[in-house]
Every structure is written in C-alpha cells, then in structure tokens.
Amino acid sequence: MPGTFTYTALTPENAAAVAAFPQNPTELFYMFPRGKFPFTADQLLKTAATRFDPTVCHLDGEPAGYAVFRKLEPGVQATIGNVVVNPALRRRGVCKALMQHMIELARTKHGVSEVRLAVFNENTAAILLYASMGFTPHAVKARTGDDGTVSALLMMRMDVSIN
Ligand SMILES: CC(C)(COP(=O)(O)OP(=O)(O)OC[C@H]1O[C@@H](n2cnc3c(N)ncnc32)[C@H](O)[C@@H]1OP(=O)(O)O)[C@@H](O)C(=O)NCCC(=O)NCCS
C-alpha cells in the first residue's frame, strides 16, 4: 500500500519530530547548511519564521517530510529549500510527493512560473530525484562547509507555467 499523504504547517508541536530527521552533520548540511548538529526544534522554528509556507508532509498521519520556500517572488518564482525526509520513511515516494505539493502551492497560491532549488554535488540521491521530476541545472556555485571543504552547489529550475 502506498499510503496517504497529507500536508500541514510546521508548528511548535511537530517541529521536534522534523528536527530529528537529519541523521548526521552531512544530512543537516544538505538540508540546512547553516544549521548546527544535532538539529533542534528551536533552530528549525527560527529559520522557518524567515521563510514561506513551512510545510510538513505526513504519511498515514506520521510526520514524513519537510520543505519551505526559501525565497518567494509572487507571480515570478519560488525557491524550495530545507528539504528532508524521515529516515524511517525514505524510498517510499515522500520527497517526490512533497515536491509535487510545493510546486502546486507555488503555482496556485503564488502564481509563479518557475520553481528553483539548490543541491550539493555530493548529494547524488537528491540530484537524481530532482532530475527525474524535470528540474534541470542552470548554474553552479561554490560553497565552503564548516570544515573548509568546498562543494559545488548545483542550481536547478523547472518551468511550471500553465501554457
Ligand atoms: C534525498 C531525500 C530527501 C530523498 O527522500 P525520499 O523520500 O527517500 O525520496 P523518494 O522516495 O521520493 O525518491 C524518489 C526517487 O529519487 C531517487 N532517490 C531517492 N533516494 C535515493 C537514494 N538514496 N539513492 C538513489 N536514488 C535515490 C530515486 O530515483 C527514487 O525513486 P525510486 O525509489 O522509485 O528508485 C532523503 O534521502 C533525505 O532526507 N536525505 C537527507 C537530506 C537531504 O539530502 N535533503 C535534500 C536537500 S537538497
């Protein structure tokens, strides 16, 4: 059974569950490069307050994934960020469903014609996932981690305009 996906806002009540999703500093770096591991509900709520539509995906009622709009220019474009999935529920289509939900939200609520996101070059799983959904790379930026390691941040975008 694939299960039922539902979506709610991030709240002080569900933030601790989401903050427990990144399993190690690398996963937190992929999701939120400025976060400090172990991630906490407080860090998550503080960053969410500066972003748009912080969204929790639930699979059969269980907190399963999280994403926000990191940047939003209504009528033009939205940038999805802070994407992470509950480690117990990975490879069950949670991220794909959540991305589809965020794209529909961007299109219907905010009227954008383009959705963007950024993914580190080491994050093969996420690159393959986003590419399979139709995101294409359009730029590469250098990003330095806390340990001095330089990564390539792949900037991806998708045209979501209704023609
Ligand atoms: C990357 C991540 C969000 C994927 O979430 P998920 O819910 O497991 O992904 P989905 O089940 O929707 O995967 C959809 C497709 O993406 C690809 N994919 C996902 N995880 C993969 C992996 N570990 N290895 C290879 N391909 C992968 C596959 O094509 C998959 O389809 P399939 O399972 O039918 O083969 C999750 O692993 C995660 O939270 N990682 C840590 C934080 C992170 O990297 N966030 C992304 C920041 S840009």
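This is a guided tour of the structure, stop by stop, for a viewer that is already open.

**Before selecting anything.** The model is predicted, and in it local features need pLDDT of at least 70, side-chain atom pairs count only at pLDDT 80 or more, and totals for chains, interfaces and linings use all residues. Residues are numbered from 1 along each chain as its sequence is written.

**The whole protein.** Show the protein as a cartoon and colour it by secondary structure, which comes to 5 helices and 7 strands; helices (H or I, at least four residues) and strands (E, at least two) are DSSP runs, numbered from the N terminus. Followed along the sequence, the pattern reads β-α-α-α-β-β-β-α-β-α-β-β. Along the principal axes, the C-alpha atoms fill a box of roughly 45 × 40 × 30 Å. The radius of gyration, taken over C-alpha atoms, is compared with a globule rule of 2.2 Å times the number of residues to the power 0.38; the protein has 15 Å, which agrees with the value near 15 Å for a compact globule of 163 residues.

**The ligand.** Select the ligand next, together with the 20 residues that surround it, of which the closest are Y30, R90, C95, A125 and L129; a residue counts as near if its C-beta atom, placed from the backbone, lies within 6 Å. Two or more residues of this shell come from each of α2 (25-31), β4 (77-85), α4 (94-108) and α5 (124-133), and α5 gives the largest share, 5 residues. Coloured by type, the shell divides into 12 nonpolar, 3 polar and 5 charged residues, where Ala, Val, Leu, Ile, Met, Phe, Trp, Tyr, Cys and Pro count as nonpolar, Asp, Glu, Lys and Arg as charged, and the others, Gly among them, as polar.

**The nonpolar core.** Now select V18, I80 and V94, which have the most contacts inside the largest nonpolar core, a set of 42 residues. Such a core is a set of buried Ala, Val, Leu, Ile, Met, Phe, Trp, Tyr and Cys residues joined through C-beta atoms within 7 Å, and a residue is buried if 20 or more other C-beta atoms lie within 10 Å of its own, exposed if 12 or fewer, and partly exposed in between, with C-beta atoms placed from the backbone. Helix α4 gives the most to this core, with 7 residues. Not counting residues up to four places away in sequence, V94 touches C57, L59, A64, G65, V85 and L89, contact meaning C-beta atoms, placed from the backbone, within 7 Å.

Move to N82, in strand β4, where phi is near 55 degrees, a positive value in a residue other than glycine. N82 counts as buried because 20 C-beta neighbours lie inside 10 Å, and its contacts beyond four places in sequence are M31, F32, Y66, A67, V68 and R70. D60, in the loop between β2 (52-59) and β3 (62-73), also has a positive phi, of about 50 degrees, although it is not a glycine. D60 has 12 C-beta neighbours inside 10 Å and therefore counts as exposed.

**A cis peptide bond.** Select F37 and P38, whose joining peptide bond is cis, with omega near 0 degrees; P38 lies in the loop between α2 and α3 (41-48).

Strands β6 and β7 (residues 150-159) pair in the antiparallel sense over 8 bridges, pairing being assigned if DSSP finds at least two bridges, and T144 stands opposite V150 in β7. Between the two strands of this hairpin are 5 residues, and G148 takes a positive phi near 90 degrees.

Conventions
Contact = placed C-beta atoms within 7 Å.
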